[in-house]
Amino acid sequence: TVKEISEKNLNLRLNVSGSKNELKELASTFNEMMNRIEDHYNRQKQFVSDASHELRTPISVIQGYVDMLNRWGKNDQEVLQESIDAIKNESENMKDLVDKLLFLARNDKGTLVLQKEEFSLTEMLGEIVKETQIIDTSHKINYDFSREISLYADRKRIKQAVRVLVDNAIKYTPPGGEVNIGVGSEEGRTFISIRDTGIGMTRE
């Protein structure tokens, strides 16, 4: 059984039934060790998946602004400044994101200190809409931000979470479809809504 264990079947365990005391203890110790190894291996796979998902959007935003610079920014001062500001902002966000991903990868407890502040949720969602329109031209991005809404929270983490949802909405919506982003408040609670015309999901 030990020889058959590899990264493809880390869930294999030794059968301890019918073993003598010493062998049973050894087999149980081995199984406990394999539980820890399998857990760490699964965490590693999850980290790689999370990191690639989280970094895809900021990289695409930077590429979008670089393309914009290449086409019009050399002669248009306004496009030049907007692109420089956006690339600088995304670079800082990526550095912060990588730092936090590495922190979570190293920290078994998975705890993270939130940097809370008062900020305009309407403005932040406007940034996401503009970035999404730059990096994705095959979908129609609709938005309804008729009200100015502020929030006391970790702005970067909220933006990160919304980006993941918008990214998934685009991923599962065929070209030509729509993604609708909205924000509002109801009974003292603030909400962000993201709807798409894609394949949907089951209620479960």
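Trainee: K130 first: what is its relative accessibility, and is it buried or partly exposed?
Mentor: This is a predicted model, so keep in mind that every value here is computed from it. K130 has 40% relative accessibility, so it counts as partly exposed.

Trainee: And which residue forms a salt bridge with K130?
Mentor: That's E82, with the closest N and O atoms 2.9 Å apart.

Trainee: Is E82 buried or partly exposed?
Mentor: E82 is partly exposed, at a relative accessible area of 24%. In general, side chains of opposite charge can pair when their charged atoms come close.

Trainee: How many salt bridges does the structure hold?
Mentor: There are 9. One of them is between D167 and R56, where the closest N and O atoms are 3.0 Å apart. That pair also links distant parts of the chain, with D167 in helix α4 and R56 in helix α1 (residues 21-73), 111 residues apart.

Trainee: Are those two buried or partly exposed?
Mentor: One of each. D167 counts as buried at 16% relative accessibility, while R56 counts as partly exposed at 38%.

Trainee: Which residue forms a salt bridge with K159?
Mentor: E131 does, and the closest N and O atoms are 3.0 Å apart. K159 lies in helix α4 and E131 in helix α3, so this pair ties together parts that are 28 residues apart in sequence.

Trainee: Buried or exposed, those two?
Mentor: Buried: K159 has a relative accessibility of 4%, and E131 has a relative accessible area of 8%. They also belong to a network, in which salt bridges with shared partners join E90, E127, E131, R155, K159 and R163.

Trainee: Back to α1 and α4. At what angle do their axes cross?
Mentor: At roughly 85°, with the axes coming within 10 Å. That makes α1 roughly perpendicular to α4.

Trainee: Which residues make that contact?
Mentor: On the α1 side, H53, E54, R56, T57, P58 and V61; on the α4 side, Q160, R163, V164, D167 and N168.

Trainee: Changing topic: what is the strand order in the open sheet?
Mentor: The order is β2-β4-β5, an open sheet of 3 strands with mixed pairing. Its edge strands are β2 (140-144) and β5 (189-196), each pairing on one side only. The twist averages 15° from one strand to the next.

Trainee: Do β2 and β4 run parallel or antiparallel?
Mentor: They run parallel, joined by 5 bridges. If you want a place to look, K140 stands opposite E178 in β4.

Trainee: Where does α4 lie relative to those strands?
Mentor: It lies across β4 and β5, running at about 25° to β5.

Trainee: How about β1 and β3, parallel or antiparallel?
Mentor: Antiparallel. Strand β1 (residues 117-120) is joined to β3 by 4 bridges, and S120 has S150 as its bridge partner in β3.

Trainee: Which residues of β3 are on the covered face?
Mentor: L151 and A153 are on the covered face, while S150 and Y152 are on the uncovered one; the strand spans residues 150-153.

Trainee: Now a loop. Where is T173, and is it buried or exposed?
Mentor: T173 sits in the loop between α4 (155-171) and β4 (178-186). It is buried, with a relative accessible area of 4%.

Trainee: What does T173 touch?
Mentor: Leaving aside residues up to four places away in sequence, T173 touches H139, E178, D196, T197 and G198. With D196 there is a side-chain polar contact of 3.5 Å.

Trainee: Last one: where is E187 found?
Mentor: E187 is in the loop between β4 and β5, and it is exposed, with a relative accessible area of 80%. Look at its backbone too: phi is near 50°, a positive value in a residue other than glycine.

How values were computed. Residues numbered from 1 in each chain as written. Predicted model: local features only at pLDDT ≥ 70, side-chain atom pairs only at ≥ 80, totals over all residues. Heavy atoms only, no water. Helix = DSSP H or I, 4+ residues; strand = E, 2+ residues; numbered from the N terminus. Buried < 20%, exposed > 50% of the residue type's maximum accessible area, 1.4 Å probe, protein only. Polar contact = N/O pair within 3.5 Å; in protein donor to acceptor, adjacent residues only side chain to side chain. Contact = heavy atoms within 4.5 Å. Salt bridge = Lys/Arg side-chain N within 4 Å of Asp/Glu carboxyl O. Pairing = 2+ DSSP bridges. Axes fitted to C-alpha atoms, helices over the stretch in contact; angles between N-to-C directions. Parallel < 35°, antiparallel > 145°, perpendicular 65-115°, else oblique.
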